[in-house]
Amino acid sequence: MKAQLLTMSTPDGPFTIIARDGTVLSSGWTAVPGELTGQIHVDLLPGEFETVSGLGRISAAVEAFYAGDPEPAMAVPVLQKSGPFRSHAWDVLRTVAPGRPVTYTEYAELSGNAKAVRAAASACAFNAAALFVPCHRVIRTDGTLGGFRWGLAVKGSLLDRERELALATARP
């Protein structure tokens, strides 16, 4: 099966998306597609890639995010494959409000198992669809950023952008 490959310029650096039939398989802040393919489950891994100049609503959602509207990214279809807890946890991430990050402990609770903090953190670590499944919205209990595949500078930038948006929309 063939997938589309797009690299976009963003304020946080190049952002590459691997998609098939309007669905994101993998994405992240890199210009190197090989840094994304390792996150795609072997059953979903495309056999070939076609470089494209746009991905319709997928690339429009990235542009909207950087223009101050993170919601369209949550409506973009994503296809990841894993076990039941991790798959559910990825769905839960898409419900975390921008500008209101949760701790790993809160994320485990939201995912249905308060004791599964390590499993929740693992769901973040193995999330292939960065931005569209916003694992950057999960932080440590002490308020520090924790880890992020694409670097703490990018995670901090994303959280700052969303915090500013949340503050701006909360003002009377």
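Student: Why does Y66 count as buried?
Tutor: Buried means under 20% relative accessible area, exposed over 50%, and partly exposed in between, with a 1.4 Å probe and protein chains only. Y66 comes in at 17% relative accessibility, so it counts as buried. F65 has a relative accessible area of 3%, so that residue is buried too. Keep in mind that this is a predicted model: local features need pLDDT of at least 70, side-chain atom pairs count only at pLDDT 80 or more, and totals for chains, interfaces and linings use all residues. Residues are numbered from 1 along each chain as its sequence is written, and side-chain values use heavy atoms, with hydrogens and water left out.

Student: What makes the pair of F65 and Y66 edge-to-face?
Tutor: Rings of Phe, Tyr and Trp (its six-membered ring) pair if their centres lie within 6.5 Å; planes under 30 degrees apart are stacked, over 60 edge-to-face, the rest tilted. For F65 and Y66 the centres are 5.2 Å apart and the planes sit at 80°, so the pair is edge-to-face.

Student: And why is the pair of W29 and F148 called tilted?
Tutor: Their ring centres are 6.1 Å apart and the planes are at 50°, so this pair is tilted. W29 is in the loop between β3 and α1, F148 in the loop between β6 and α7, and they are 119 residues apart. Both are buried, and together with F15 and F132 they form one aromatic cluster.

Student: How do you know that the buried residues of α4 line one face of the helix?
Tutor: Helices here are DSSP runs of H or I, at least four residues, and strands are runs of E, at least two, numbered from the N terminus. In α4 (residues 84-93), A89, W90, V92 and L93 are buried. Seen down the axis, they fall within an arc of 160° (taken from the directions from the helix axis to the C-beta atoms), so they line one face. P84 and D91, on the other side of α4, are exposed.

Student: What makes β1 and β2 a pair of strands?
Tutor: Two strands pair if DSSP finds at least two bridges between them. β1 and β2 are joined by 7 bridges and run antiparallel. Among the partners, M8 meets F15 and L6 meets I17. β1 also has 4 bridges to β4, and those two run parallel. The open sheet has the order β3-β2-β1-β4, with mixed pairing.
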